[in-house]
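This report describes selected features of a protein model, taking strand pairing, helix packing and side-chain contacts in turn.

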Amino acid sequence: MHLPVKTVLITVALGLYLPANAQEHDDHAAHATHDTHEHHDHNDQGADSGQASHDAHHTNAGPAITRTEDIESALEQGGEPIVADVLGVVCDFCALAMNKIFGKREEVAAIYVDLDTKALSLVLVPGASLSDQTIAELAIQAGYRIADVRRGDEALGMAS
Amino acid sequence: MTTARTALLLVIGCLTSIAAAARPVSYTGGWTVIGESDRQSSSALVHYTPSPNMSLGLKTEVNRDSDFAIYSVHPTYLAKRWFDANYQGNLYIHGGIGVASGINNNPQSDQMALYGGVMADWETRSLFVGYRNRYLDAGDYASQFMQAFRAGFAPYEGDSGDLHTWLMLEIDHRPSDPDSVTATPLVRFFKGPLLIEAGYNLTVNQPLFNFTYRF
């Protein structure tokens, strides 16, 4: 039994050695998008949490908003459409986490996590706003990361 | 009283069971009920996630073979998460500290119990591999090590809210058991906040039933 004990202790020690927020800093896919800055309105509150701002105005067309009944209804009310590409969303628990975290926000009128497109579709309450920074931070609270954010016509898939 | 407590623990254990806890750390502010039943023990864990990196829970575990139960505080730490658009990988450290008590007329006195180990998984929407281990020191009751590897695939890719189905095979290794290596094919159903697993250990002929409910 000594060998397993030793193995466990070594493994636990190695695990504890990892930084507590390692997942926020070692995602090469996420950081790769920093190479394509095209605007200057990001803030400096952390590399990952500000990443969505870095990428918010990409011309790279991602998936458009997923039009569920709730999304359509919220769009008809005049809310702003937002689509955020999410990293690591591979199961229903992931979608549930995003729904719970974003669904609590009073700015959000409708939400849908599309596992096929790995995209978070949001429609805001008319007149409300939700910054890229906040979207990125909320995704972290859910346990995930935002790779890109699109708004308006781009979110609707109508950008030229 | 002891019999009633034992019965209650067994019922809890049988009704709530899961081994390779799917997502043992939830979203911030989330609660999760996890159950686990394997060839050796049955357990129930309720945990709260105060931050995206850790959860803290209370766990009851009934060791059916050795007639003792463990009541413990059970933290789980997400040491690392790997992301891409199409996959997610996780490394967790889990542990617990509590009391081991005899059940089924086991006359041994209460003793401190400690356990710890790691869990790791990697999954896409259609492939899954996972590993977990644990060392338990429950004083005179038991000193156990176990490790398990699991692999599976989803025959179809469900979207949000759909019924997700996985077919999996788990190989577990418990050096102190007569049947040290066993195989359990199982099916996992996943829908919204509920995950259910049912399987059958082909080596020792015991059923497996697990669930996770998140809210």
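Two strands are taken to pair if DSSP finds at least two bridges between them. The model discussed here is a predicted one.

**Strand pairing in chain B**

By that criterion, strand 1 of chain B, residues 31–37, pairs with strand 2 of chain B, residues 41–51, in the antiparallel sense over 7 bridges. These two strands form a hairpin, with 3 residues between them. Within this pairing, Tyr48(B) of strand 2 is the residue opposite Trp31(B).

Strand 2 of chain B also pairs with strand 3 of chain B, residues 54–63, again in the antiparallel sense and over 9 bridges. Here too a hairpin is formed, and 2 residues lie between strand 2 and strand 3 of chain B. Ser41(B) has Asn63(B) in strand 3 of chain B as its bridge partner.

| Strands | Sense | Bridges |
|---|---|---|
| Strand 1 (residues 31–37) and strand 2 (residues 41–51) of chain B | antiparallel | 7 bridges |
| Strand 2 and strand 3 (residues 54–63) of chain B | antiparallel | 9 bridges |
| Strand 1 (residues 81–87) and strand 3 (residues 119–124) of chain A | antiparallel | 5 bridges |

**The sheet of chain A and its helices**

In chain A, 4 strands form an open sheet in the order 2-3-1-4, with antiparallel pairing. Strand 2 (108–114) and strand 4 (145–151) of chain A stand at the edges and have a single partner strand each, so one side of each is left without a neighbour in the sheet. From one strand to the next, the twist averages 20 degrees.

Strand 1 and strand 3 of chain A are joined by 5 bridges and run antiparallel. In this pairing, Ser121(A) of strand 3 stands opposite Val83(A).

Helix 5 of chain A, residues 92–103, lies across strand 1, strand 2 and strand 3 of chain A, and runs at about 170 degrees to strand 2 of chain A. Helix 6 of chain A also packs on the sheet, where it touches strand 1, strand 3 and strand 4 of chain A. The direction of helix 6 makes about 145 degrees with that of strand 4 of chain A.

Helix 6 of chain A spans residues 132–142 and is mostly covered, with 8 of its 11 residues buried. Among the buried residues are Ile135(A), Leu138(A) and Ile140(A), as well as Asp132(A) and Gln133(A). Just after this helix, Gly143(A) adopts a positive phi of about 105 degrees.

**Cysteines**

How many disulfides are there over all chains? The count is 0. The cysteine sulfur nearest to that of Cys91(A) belongs to Cys94(A), at 3.1 Å. Cys91(A) counts as buried because its relative accessibility is 5%. Cys94(A) is buried as well, with a relative accessible area of 0%.

**Aromatic rings and charges**

Over all chains, 7 aromatic pairs are found in the structure. Charged side chains also lie over aromatic faces. Arg188(B) lies over the face of Phe128(B), at 5.2 Å from the ring centre. Arg214(B) of chain B lies over the face of Phe93(A) of chain A, at 4.7 Å from the ring centre.

Note on methods: Residues are numbered from 1 along each chain as its sequence is written. Chains are lettered from A and ligands numbered from 1 in the order in which they are written. This is a predicted model: local features need pLDDT of at least 70, side-chain atom pairs count only at pLDDT 80 or more; totals for chains, interfaces and linings use all residues. Side-chain values use heavy atoms; hydrogens and water are left out. A disulfide is a pair of cysteine sulfur atoms within 2.5 Å. Buried means under 20% relative accessible area, exposed over 50%, partly exposed in between (1.4 Å probe, protein chains only). Axes are lines fitted to C-alpha atoms, for helices over the stretch in contact, and angles run from 0 to 180 degrees between N-to-C directions. Contact means heavy atoms within 4.5 Å. Rings of Phe, Tyr and Trp (its six-membered ring) pair if their centres lie within 6.5 Å; planes under 30 degrees apart count as stacked, over 60 as edge-to-face and the rest as tilted. A charge sits over a ring if NZ of Lys or CZ of Arg is within 6 Å of the ring centre and within 35 degrees of the ring normal.
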